[in-house]
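Me: I am new to this structure. Please show me how to read it, one feature at a time.

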Amino acid sequence: MKINDHTPSSMSVECPRCDAYIVGEPQGYLVYYDPQDGLPERWTLLACSRKGHPLLVVQEEFASGIPFEEDRPHRVWPSEGRDLSNLIPRELRKFHQEARKCFRAKTYRAAVVMCGITLEGVCLLGGSKRQIFTRYSNI
Ligand SMILES: [Zn+2]
């Protein structure tokens, strides 16, 4: 790879339609940079190697001369799901993240329990005295 050559190579990403990590084959890309918007970004349109599903990923250039490949491809579309705001207490974010992991792993009962714990945590932080799921947790 030449210095300053931004042409993307094949990359490993999760294809939600195949429900697996696949090799994404670049179909096109765009490098965008405006200092007011943050770091330089490379947006790459990929085709899933299994069935050709379209995927859009973005990678940032952490420093000048550092290739975009140093940044893990963040799948923008289909969305990986957004992170919760840091304004939400860390424990609640942790429970919510675990619920999402359970859902992705198709352990739906565990996902429901984790959603219940998350909601109960919200109630406890709001002043509720009643506990069902979080009796042994440290909210
Ligand atoms: Zn796919």
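**Reading the model**

Reply: Start with one side of helix H2, where Tyr108 and Arg109 are exposed. Helices (H or I, at least four residues) and strands (E, at least two) are DSSP runs, numbered from the N terminus. This is a predicted model: local features need pLDDT of at least 70, side-chain atom pairs count only at pLDDT 80 or more, and totals for chains, interfaces and linings use all residues. Residues are numbered from 1 along each chain as its sequence is written.

Me: Which residues of H2 are buried?

Reply: They are Met114, Ile117, Thr118, Glu120 and Gly121. Seen down the axis of H2, the buried residues fall within an arc of 165°, so they line one face of the helix. The arc is that of the directions from the helix axis to the C-beta atoms. These buried residues pack against helix H1 (90-104). Contact here means C-beta atoms, placed from the backbone, within 7 Å.

Me: How many residues does H2 have, and what span does it reach?

Reply: Compare the span with an expected one: 1.5 Å times one less than the number of residues. H2 (residues 108-125) has 18 residues and reaches 26 Å from its first C-alpha to its last, close to the 26 Å expected. Just after H2, glycine 127 takes a positive phi of about 110°.

Me: Now the strands. What are the covered and uncovered faces of E4?

Reply: In a regular strand the side chains alternate between the two faces of the sheet. In strand E4 (residues 54-60), Leu55, Val57 and Gln59 form the covered face. Pro54, Leu56, Val58 and Glu60 form the uncovered one.

Me: Which strands pair with E4?

Reply: Two strands pair if DSSP finds at least two bridges between them. Strand E3 (residues 41-48) pairs with E4 in the antiparallel sense over seven bridges. Leucine 45 has leucine 56 in E4 as its bridge partner. The hairpin of E3 and E4 has five residues between the strands, and glycine 52 there takes a positive phi near 80°. E4 also runs antiparallel to strand E5 (residues 74-77), with three bridges joining them. Valine 58 stands opposite histidine 74 in E5.

Me: Which residues make up the largest nonpolar core?

Reply: In soluble globular proteins, nonpolar side chains tend to be buried together. A nonpolar core is a set of buried Ala, Val, Leu, Ile, Met, Phe, Trp, Tyr and Cys residues joined through C-beta atoms within 7 Å. The largest here has seven residues: Val13, Cys15, Ile22, Leu46, Cys48, Leu55 and Val57. Strand E1 (11-15), E3 and E4 each supply at least two residues of this core. Not counting residues up to four places away in sequence, valine 57 touches Val13, Thr44, Leu46, Pro73, His74, Arg75 and Val76.

Definitions and conventions: Buried ≥ 20, exposed ≤ 12 C-beta atoms within 10 Å, placed from the backbone. Contact = placed C-beta atoms within 7 Å.
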